[in-house]
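Hello,

Here is the structure I promised to hand over. Please open it first, then read my notes below.

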Amino acid sequence: NGTIDLIDSRLGLVDWKTSGRGTYDTWEYDRWAVQPTVYSWAMHSGTTGKHPFTYCVMHKEGVQQFTVWRDNSDWEWLRQRAIGYARLIEAGLPEWPLHDNHALCSAKWRPAWSTCKGAHF
């Protein structure tokens, strides 16, 4: 994450990805991806309606393109999540809860694996 790769009049915000495992499961990105929510909020906050965020995924078989949509309800979820993180910061906790679905908690990332699920297997 950092900057959007392209802003297109038809596709909306566009982000290029590469995948060694093949195509992405689009329903997972529609449901779980935070990047489209944050980027669309930054671009469209204060507006109404649904806003497109298109993924272009390069993999061995070619290029996969799919679009997810974000709107005010997604941005309200983002606001609530940000408030939760702000409260954690204000509490000065020595540790934060771990999220086991983070990329660094996969077996692929061996250095971080020991602090995530890998520590318990």
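Helices and strands here are DSSP runs numbered from the N terminus, a helix having at least four residues and a strand at least two. The model is a predicted one.

Start with W96. It sits in the loop between helix 3 and helix 4 (110-113). W96 is partly exposed, at 40% relative accessible area. Which residues does W96 touch, leaving aside those up to four places away in sequence? They are Y85, L88 and I89. The C-alpha atoms of W96 and Y85 are 9.5 Å apart, and the two residues are 11 apart in sequence.

**Salt bridges**

Side chains of opposite charge can pair when their charged atoms come close. The cut-off used here is 4 Å between a side-chain nitrogen of Lys or Arg and a carboxyl oxygen of Asp or Glu. By that rule the model has 4 salt bridges. Three of them are worth a look.

R70 pairs with D30, and their closest N and O atoms are 3.9 Å apart. This pair links distant parts of the chain, 40 residues apart. R70 is in strand 4 (residues 62-70), and D30 is in helix 1 (residues 26-32). D30 is partly exposed, with 44% relative accessible area.

D71 meets K50 in another salt bridge, at 3.2 Å from N to O. D71 lies in the loop between strand 4 and helix 3 (72-91). K50 lies in the loop between helix 2 (35-44) and strand 3 (51-59). The pair therefore ties together parts that are 21 residues apart in sequence. D71 counts as buried, at 15% relative accessibility. K50 counts as exposed, at 54%.

R79 and E76 also form a salt bridge, with closest N and O atoms 3.0 Å apart. Where do these two residues lie? Both are in helix 3, 3 residues apart, which is about one turn of the helix. R79 is partly exposed, with a relative accessible area of 42%. E76 is partly exposed as well, at 35% relative accessibility.

**Helix 2 and its cover**

Which residues of helix 2 are buried? They are Q35, P36, T37, Y39, S40 and H44. The cover over the buried residues of helix 2 includes strand 2, strand 3, strand 4 and helix 3.

Residues up to four places away in sequence aside, T37 touches R70, D74, W75, W77 and L78. R70 is also the partner of D30 in the salt bridge above.

Helix 2 is followed by G46. The phi of G46 is positive, near 90°.

**A nonpolar patch on the surface**

Which residues form a nonpolar patch on the surface? They are W16, M58 and V63. Together the three have about 310 Å² of accessible area. W16 is found in strand 2 (residues 12-18). W16 is partly exposed, with a relative accessible area of 42%.

Best wishes

Terms used: Residues are numbered from 1 along each chain as its sequence is written. This is a predicted model: local features need pLDDT of at least 70, side-chain atom pairs count only at pLDDT 80 or more; totals for chains, interfaces and linings use all residues. Side-chain values use heavy atoms; hydrogens and water are left out. Buried means under 20% relative accessible area, exposed over 50%, partly exposed in between (1.4 Å probe, protein chains only). Contact means heavy atoms within 4.5 Å. Patches are made of residues with over 30% relative accessible area and no salt bridge: like charges are joined within 9 Å, nonpolar side chains (Val, Leu, Ile, Met, Phe, Trp, Tyr) within 5 Å. Accessible areas come from the Shrake-Rupley method with a 1.4 Å probe; for residues, only the protein chains shown count as cover.
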